[in-house]
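Please keep the model in view while reading.

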Amino acid sequence: MTSACVMLAVALVAAVNLALPKLSAGSLHPTPAQLLWIVDSYVLVFAGLLIPAGALGDRRGPKGALLAGLAVFATGCLLAALAPNVAVLIAARALSGAGAALVMPATLSIAVRSAPPERRAHAVAVWTGATGAAGMLGNLGGGLILQYLPWQGLFWASAPATLLLLALTARMTPRTAGAPAGPADPVGTALLVLGSFALLTALIEGPGHGWGSPLVLVSFALAALLLGAFVGHGLRAARPLVDPRLFRSRPLRAGVLGVTATFFGLFALFFVNAQYLQYAKGYSPAVAGLAIGPLAIGMLVFSRLSPRLVHRFGPRSMVATGLVCLTAGLGALSLIDAETPYLPYAAVLMVMAVGMGLSMPPLSMTVLSSLPADRAGLGSGLNGAAREFGSALGVAAMGTVMASHTGGFTDGTAAGFRVAAGVLAVLGAVTVLWLRPGPRRNGGEADVSEPRAQSSGAQAAATAKLSS
């Protein structure tokens, strides 16, 4: 149930991109800048609120946060379907993004809290596979809807599906207690949200406006100021939203960086996939959605296999293997052009699916295991924020490289994939380095130079099992 909820929230990100041609030709007549904000308003609010939303779920209980998020998400979809003008559509998309921000961390928190310690790695793997496949579901489902319906059909279909999930969640999902003593920290929350919005605005608008434009430069400056103030506040506050000292933990740093890196690579692909399949290959929206199926199937299969492989070979080996597959896949994509048959393209997608499926579950579990069990919502928020910032970075990198090449679409994508592969190789190397076991103390215990985060013996045992 929780996997279905988060799949719907994430799938809408991909699906709306397929609706842009119909939106552009529709009755609202949006400008190119407005089209960008129809997409970006959802992403900005979604990514910017993930950490505070996760912390809220920890305080009030994740089931309540999930139900509230589904209700807000459905309301945003209904408003979008009925939008009489572009301004209302953008506001409705932002409202749906706020709902999605409550849904994502709550679903992972429920999955972790509901599973016994020995099954937590499996629960995270299932959740990870579902969120990874959600992008492909958005491409496939959105393509089928838009093949036969106007763009409003996308939101008319999403609203009742969300309301059905809300009813089923209210009836079937167990309620777990919150942690009322957890930090509210309104100052830290405001600084983090505003700083995240500023940074995401710069990353999203950079390729289109130019990295030296006033909007982008001012956004970067505001982000640096606000996020710097957030770190300073966190170091001084008695109970901060996120204590910056947590990042002394090498596994936490590795998990966050690894998640960022994997979604950087995945969204470098997503940014051009629909364009390549529709413009270069001439596929319809529905066929384009089907054509990326190997990525969805591979991720679902290998994410379920990942916990067993991690138990046998260790998380570091699986993360390294997964990141190598992703990097190799991006490099192979740089060799593909309009004349490439579909089967080689599908084979490259499968290589990337193996990479995502192997690496994401242990990376997500590393983030969660680095925090106390009663702060699973915050851990999920950190995990989700890393995904969204990585996605924004992947799109920004591809968009910038492609805009700087005038030799045609395939030349630009080839250069973009080479750059993305290089960046991912560097980020992946640092991630694997941080995942190395710490030096042994005299008593034989590994010293990983991190705080004792686990709140129970069972959680500690599960973490040790995954980290061995």
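On a 1 Å grid over the protein atoms alone, a pocket is an open set of points with protein on both sides within 12 Å along at least five of seven lines, a cavity is a set of points where a 1.4 Å probe fits but cannot get out, and lining residues have an atom within 4 Å of a point. The model is predicted, and local features need pLDDT of at least 70, side-chain atom pairs count only at pLDDT 80 or more, while totals for chains, interfaces and linings use all residues. Residues are numbered from 1 along each chain as its sequence is written, and side-chain values use heavy atoms, with hydrogens and water left out.

The largest pocket holds about 1,200 Å³ of space, a volume being the space filled by probe spheres set on grid points that are joined across faces, edges and corners. Its lining consists of 42 residues, and those nearest the centre are Asn17, Leu20, Val39, Phe271 and Val395. Two or more lining residues come from each of helix 1 (2-25), helix 2 (32-60), helix 5 (120-148), helix 7 (186-209), helix 9 (250-280) and helix 14 (376-403); helices here are DSSP runs (H or I, at least four residues) numbered from the N terminus. Helix 9 contributes the most to this lining, with ten residues. By class, the lining of the largest pocket has 27 nonpolar, eleven polar and four charged residues, where Ala, Val, Leu, Ile, Met, Phe, Trp, Tyr, Cys and Pro count as nonpolar, Asp, Glu, Lys and Arg as charged, and the others, Gly among them, as polar.

The largest cavity has a volume of about 90 Å³. Around the largest cavity stand Leu269, Val272, Asn273, Tyr276, Leu333, Ile336, Tyr345, Thr413 and Phe417. Helix 9 and helix 15 (409-434) each give two or more residues to this lining. Here too helix 9 gives the most, with four residues. Seven residues of the lining of the largest cavity are nonpolar, two are polar and none is charged.

Helix 2 and helix 7, both of which contribute to the lining of the largest pocket, pack at an angle of about 145 degrees with their axes 9 Å apart. Axes are lines fitted to C-alpha atoms, for helices over the stretch in contact, and angles run from 0 to 180 degrees between N-to-C directions. The crossing of helix 2 and helix 7 is right-handed (the near helix is turned clockwise from the far one by less than a right angle; anticlockwise is left-handed). Their contact (heavy atoms within 4.5 Å) includes Trp37 and Asp40 of helix 2 and Thr189 and Glu205 of helix 7. This contact comprises 13 nonpolar, four polar and two charged residues.

Helix 3 (residues 62-82) and helix 6 (residues 152-172) pack at about 160 degrees, with their axes 8 Å apart. These two helices are therefore roughly antiparallel to each other, a label for angles over 145 degrees, whereas those under 35 count as roughly parallel, 65 to 115 as roughly perpendicular and the rest as oblique. Helix 3 and helix 6 cross in a left-handed manner.

Finally, the axes of helix 11 (residues 293-313) and helix 12 (residues 315-333) come within 7 Å and cross at roughly 125 degrees. That makes helix 11 oblique to helix 12. Leu309, Val310 and Phe313 of helix 11 meet Pro315, Ser317 and Met318 of helix 12.
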